[in-house]
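I wanted to go through this model with a notebook open and jot down what I looked up. Here is where I started.

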Amino acid sequence: MLRYTFPFYLLLTDTILASQEKGGMPQLNPDSFSSQIFWLILLFAVLFLINHFFFLPKIKKIRNKREETIQSYLDEAKKLNDSFNSLVEKMNKEFNEAKIEQNTLIKKAFEENKKIFDKKILEINNDFEEKKNKLNSDIEKNKELISNELPKLCVNLSDNLYEKIMGEKNKGSVSDFKKIIRDDKQ
Amino acid sequence: MASPLAQFEIKKLIEMEAFGFDLSFTNSSLAMTMTVFSIVLFMYIGLRNLEIIPSKKQSIVESSYEFISGMIGDNIGNEGMNYFSFIFTLFLFILVGNLLGMLPYSFTWTSHIIVTFAIAFFIFIGVTFIAIYKHGIVKFLKFFAPIGVPKPMLILLIPIEIISYLSRPISLSVRLFANMMAGHTLLKVIGGFVFVLGANSFIIGGILPLAFLIALTGLEIVIAFLQAYVFAILTCLYINDAIHLH
């Protein structure tokens with residue numbers, strides 16, 4: 001196995017020797033300090049300037065633009081919402097007005113109909129009453145007529161029956177008939 | 001076996017010198033250049049076609065913007081937005097530096113104390129300057145004397161406050177440097193185990209350390225994010241102290 005890994009050891013030898021020569025932490029070797037500080041300042045300054053004057057203003061600009069766009073959309077949405085709300089309010093108002101008007105109309109029609117109905121009922125009742133009175137008077141009249149005519153007819157009928165049965169004529173009187181009826185009732 | 005610290009060795013790629021200082025372009029400078037290049041590429045690709053409804057690439061760039069903006073908003077407030085470019089650049093610079101360092105055969109420039117210390121020191125100087133500029137030297141010095149503390153206690157507290165203030169660049173830089181160096185050293189050591197154990201036991205012995213190495217790589221990536229975040233958030237807190245004092 002060592003045979004296969006030997007080339008790797010050879011590759012590493014250079015570094016091993018370098019570190020062994022100097023020894024300790026390379027970080028504490030002051031030889032490179034000036035170069036490191038110089039390049040740090042230079043490169044950091046370059047990066048800072050690029051960021052400060054080129055990239056960051058770009059990000060700021062696009063973010064502001066985005067915020068403005070969002071704000072304009074929000075404003076528009078608010079405006080739309082407001083107009084929608086006012087429309088809803090207007091619609092509700094109109095709906096309520098229509099409802100009130102409809103109720104008034106229904107009430108008015110109902111009252112008119114009630115009046116007509118009551119009038120008709122009154123007419124019918126009057127008519128009925130009139131007819132009833134007329135009928136009653138007719139009945140009374142007929143009753144009187146019958147009560148006047150009936151004794152005569154009964155006397156005639158009895159006279160006729162008497163003549164047929166007995167073969168002789170008899171002349172009965174209405175007053176007798178009434179007397180008989182009165183006695184029966186008693 | 002190679003020393004686990006050999007990976008932090010600075011190698012000169014192009015030798016340069018100015019005013020008696022060695023300004024050579026080294027492997028560390030190359031890694032830093034790659035970091036800057038990667039960030040510029042990331043930003044360029046993300047912001048190439050700007051749309052109000054962002055594409056995925058644009059969203060990623062914008063989310064990093066939002067992340068930093070949220071961090072500044074939470075820790076400093078609206079005044080902190082003046083320092084947005086700096087904190088944004090700092091966070092991305094350290095983050096990408098840490099992440100690129102995770103690539104095999106690359107170099108982690110954040111594992112060098114001089115670099116992290118230089119950044120932390122500049123932040124320290126900047127923050128102190130902001131505090132003095134905003135509040136004047138007297139008010140700034142009062143920052144070291146906490147309000148409502150009995151006078152005898154101030155004899156003890158003022159030196160402690162001054163030491164804690166002065167140790168800010170050290171703690172800030174050492175935190176990042178130590179984390180990155182320790183992580184990469186550990187990866188190298190475990191990598192060595194994989195190599196040696198695998199070579200001496202027909203590969204089988206290397207499986208366990210390899211699994212461990214993979215898990216550790218995942219952890220290191222998390223640490224790369226975490227350390228960049230910690231560095232940026234502490235910078236925010238220091239700037240907040242400078243702006244508002246307390």
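**Entry 1: the ground rule**

I kept in mind throughout that this is a predicted model.

**Entry 2: enclosed space**

I noted a volume of about 40 Å³ for the largest cavity.

Next I looked up what surrounds the largest cavity. Its lining is made of B:Ala120, B:Ile123, B:Phe124, B:Val127, B:Arg168, B:Pro169, B:Leu172 and B:Tyr238. Sorted by class, I had seven nonpolar residues, one charged and no polar. Helix 4 of chain B (113-142) and helix 6 of chain B (168-200) each put at least two residues into that lining. Helix 4 of chain B gives the largest share, with four residues.

**Entry 3: following B:Arg168**

B:Arg168 is in the cavity lining, and I wanted to know what its side chain pairs with. I found a salt bridge between B:Arg168 and B:Asp241, 2.6 Å from N to O. That pair links distant parts of the chain, since B:Arg168 sits in helix 6 of chain B and B:Asp241 in helix 7 of chain B (residues 207-244), 73 residues apart.

Are the two partners buried or exposed? B:Arg168 is buried because its relative accessible area, 13%, is under the 20% cut-off. B:Asp241, at 19%, also counts as buried.

Just after helix 6 of chain B comes B:Phe202, with a positive phi of about 50 degrees.

**Entry 4: the other salt bridges**

My count over all chains was seven salt bridges. I picked out one between B:Glu62 and A:Arg66, with the closest N and O atoms 2.5 Å apart. This pair crosses between chains, from helix 2 of chain B (residues 56-75) to helix 2 of chain A (residues 33-166). I then looked up accessibility for both ends. B:Glu62 is buried at 4% relative accessible area, and A:Arg66 counts as buried at 15%.

Which residues are linked with these two in a network of salt bridges? I wrote down A:Arg63, A:Arg66, B:Glu62 and B:Glu66.

I also looked at B:Asp22, which forms a salt bridge with B:Lys12, the closest N and O atoms being 3.4 Å apart. B:Asp22 is in strand 3 of chain B (residues 21-22) and B:Lys12 in strand 1 of chain B (residues 12-14), so the pair ties together parts ten residues apart in sequence. B:Asp22 is buried, at 17% relative accessible area, whereas B:Lys12 is partly exposed at 47%.

I turned to the second largest pocket, which holds about 320 Å³ of space. I counted 14 lining residues, and A:Phe44, B:Phe86, B:Ile119, B:Phe122 and B:Ile123 lie nearest the centre. Helix 2 of chain A gives two or more residues to this lining, as do helix 3 (84-101), helix 4 and helix 7 of chain B. Helix 4 of chain B supplies the largest share, six residues. By class I noted twelve nonpolar, two polar and no charged residues.

B:Ile123 turns up here and also in the cavity lining.

**Entry 5: positive phi in loops**

Where does B:Phe19 sit? I found B:Phe19 in the loop between strand 2 (17-18) and strand 3 of chain B. Its phi is near 50 degrees, positive although the residue is not glycine. B:Phe19 is exposed, at 83% relative accessibility.

B:Tyr105 also has a positive phi, about 70 degrees, and is not a glycine. I placed B:Tyr105 in the loop between helix 3 and helix 4 of chain B. Is B:Tyr105 buried or exposed? I noted 87% relative accessible area, so B:Tyr105 is exposed.

**Entry 6: A:Glu163**

Last, I looked up A:Glu163, which is in helix 2 of chain A. A:Glu163 counts as partly exposed at 35% relative accessibility. Leaving out residues up to four places away in sequence, A:Glu163 touches A:Glu168 and A:Lys169. I also took the C-alpha distance to A:Asn113, 50 residues away along the chain, and got 71 Å.

Note on methods
Residues numbered from 1 in each chain as written. Chains lettered and ligands numbered in written order. Predicted model: local features only at pLDDT ≥ 70, side-chain atom pairs only at ≥ 80, totals over all residues. Heavy atoms only, no water. 1 Å grid on protein atoms, 1.4 Å probe; cavity = no way out; pocket = protein on both sides within 12 Å on 5 of 7 lines; lining within 4 Å. Points joined across faces, edges and corners; volume = space filled by probe spheres on them. Nonpolar A, V, L, I, M, F, W, Y, C, P; charged D, E, K, R; others polar. Salt bridge = Lys/Arg side-chain N within 4 Å of Asp/Glu carboxyl O. Buried < 20%, exposed > 50% of the residue type's maximum accessible area, 1.4 Å probe, protein only. Contact = heavy atoms within 4.5 Å.
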